[in-house]
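Trainee: I have a model on my screen and would like to learn how to read it. Could we go through it feature by feature?

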Amino acid sequence: MKTDLPPEDDNPHLERPLRSFGRIKARPIKPRQAALMETLLPRIAVPDPKAGPVNPQTLMPNAAEVWLEIGFGGGEHMAAQAARRPDVLVIGCEPFLNGVASALRHVEEGGLENVRIHADDARDLVEVLPDASVDRVLILFPDPWHKARHNKRRLLQDETAEAFARILKPGGTLRFVTDWRDYAEWTLERLERAPGLKRIGAAEADWHVAPSDHVITRYEEKRLGDTAPIFLEYQKAA
């Protein structure tokens with residue numbers, strides 16, 4: 001799979017974290033979506049994390065809950081969840097510009113007022129979110145980075161698992177979904193080590209049982225992995 005990674009990403013002397021995603025843009029963005037990038041995105045964009053801490057409550061003060069979806073792809077799942085729960089602030093992170101453009105179309109067509117977008121690396125935003133500020137973290141089908149030498153690029157590392165645990169409220173949940181078995185096993189190891197997280201439904205037989213509120217996307221239907229989707233759910237200790 002081509003990822004178009006810049007050569008300097010493998011420079012061990014760089015302090016910034018390795019990219020956990022591939023291409024930023026794959027094809028020309030359609031005119032309508034390009035227009036939304038200019039008009040809608042600035043209105044619903046999350047403040048730049050590089051400017052300082054981001055408090056989700058300021059983005060939608062009357063929100064009953066705050067959900068964070070990392071790597072929303074084309075935005076189908078994010079938009080569907082936001083439409084179901086207009087009282088919930090749904091923050092989506094996606095560095096792939098074609099995916100952001102697609103998500104903006106879903107937001108506009110659905111008249112969704114409860115979606116905010118960070119069109120960049122989710123880790124930058126997670127780093128500046130306050131402790132116990134998020135009710136749900138959703139990570140669906142992240143790049144598996146199959147080769148052993150590329151495993152260090154996977155989104156789920158010990159440090160990111162700890163960061164997700166930090167931003168979750170007591171009783172908050174994390175959902176990780178993948179269709180690659182080795183990534184599920186890799187993720188289990190790291191989430192089990194994350195302080196304060198406890199797995200919901202520990203039996204392996206539960207792996208392939210989708211939660212009742214799961215939204216199947218076109219990407220999931222392609223079945224690109226080596227197994228049926230595996231669902232891992234964790235909860236932050238109350």
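Trainee: How does the span of helix α4 fit its 14 residues?

Mentor: Helices (DSSP runs of H or I, at least four residues) and strands (E, at least two) are numbered from the N terminus. The expected span of a helix is 1.5 Å times one less than its number of residues. For α4 that gives 20 Å, and its end C-alpha atoms are 20 Å apart, so the two agree. After α4 comes Gly111, with a positive phi near 60°.

Trainee: Before we go on, what kind of model is this, and how are residues numbered?

Mentor: It is a predicted model, where local features need pLDDT of at least 70 and side-chain atom pairs count only at pLDDT 80 or more, while totals for chains, interfaces and linings use all residues. Residues are numbered from 1 along each chain as its sequence is written, and side-chain values use heavy atoms, leaving out hydrogens and water.

Trainee: Which residues of α4 are buried?

Mentor: Buried means under 20% relative accessible area, exposed over 50%, and partly exposed in between (1.4 Å probe, protein chains only). In α4 the buried residues include Asn98, Val100, Leu104 and Val107. His106, also in α4, counts as buried because its relative accessibility is 18%. A contact means heavy atoms within 4.5 Å. Leaving aside residues up to four places away in sequence, His106 touches Gly74, Gly75, Glu76, Ala79 and Leu112.

Trainee: What do the buried residues of α4 pack against?

Mentor: They pack against α1, α3 (76-84) and β3.

Trainee: Which residues of α1 are buried?

Mentor: An α-helix has 3.6 residues a turn, so residues three or four places apart point the same way. The buried residues of α1 are Gln33, Leu36, Met37, Leu40, Leu41 and Ile44.

Trainee: Where does α1 bend?

Mentor: A bend is the angle between axes fitted to the seven residues ending at a residue and the seven starting there. In α1 the bend is about 40°, at Met37.

Trainee: How confident is the predictor?

Mentor: pLDDT is its confidence in each residue, from 0 to 100. The protein averages 88, and 87% of the residues score at least 70. Over residues 1-16, however, the pLDDT is below 50, and this stretch has 20 contacts in the model beyond near neighbours in sequence. Where pLDDT is low, the predicted coordinates should not be read in detail.
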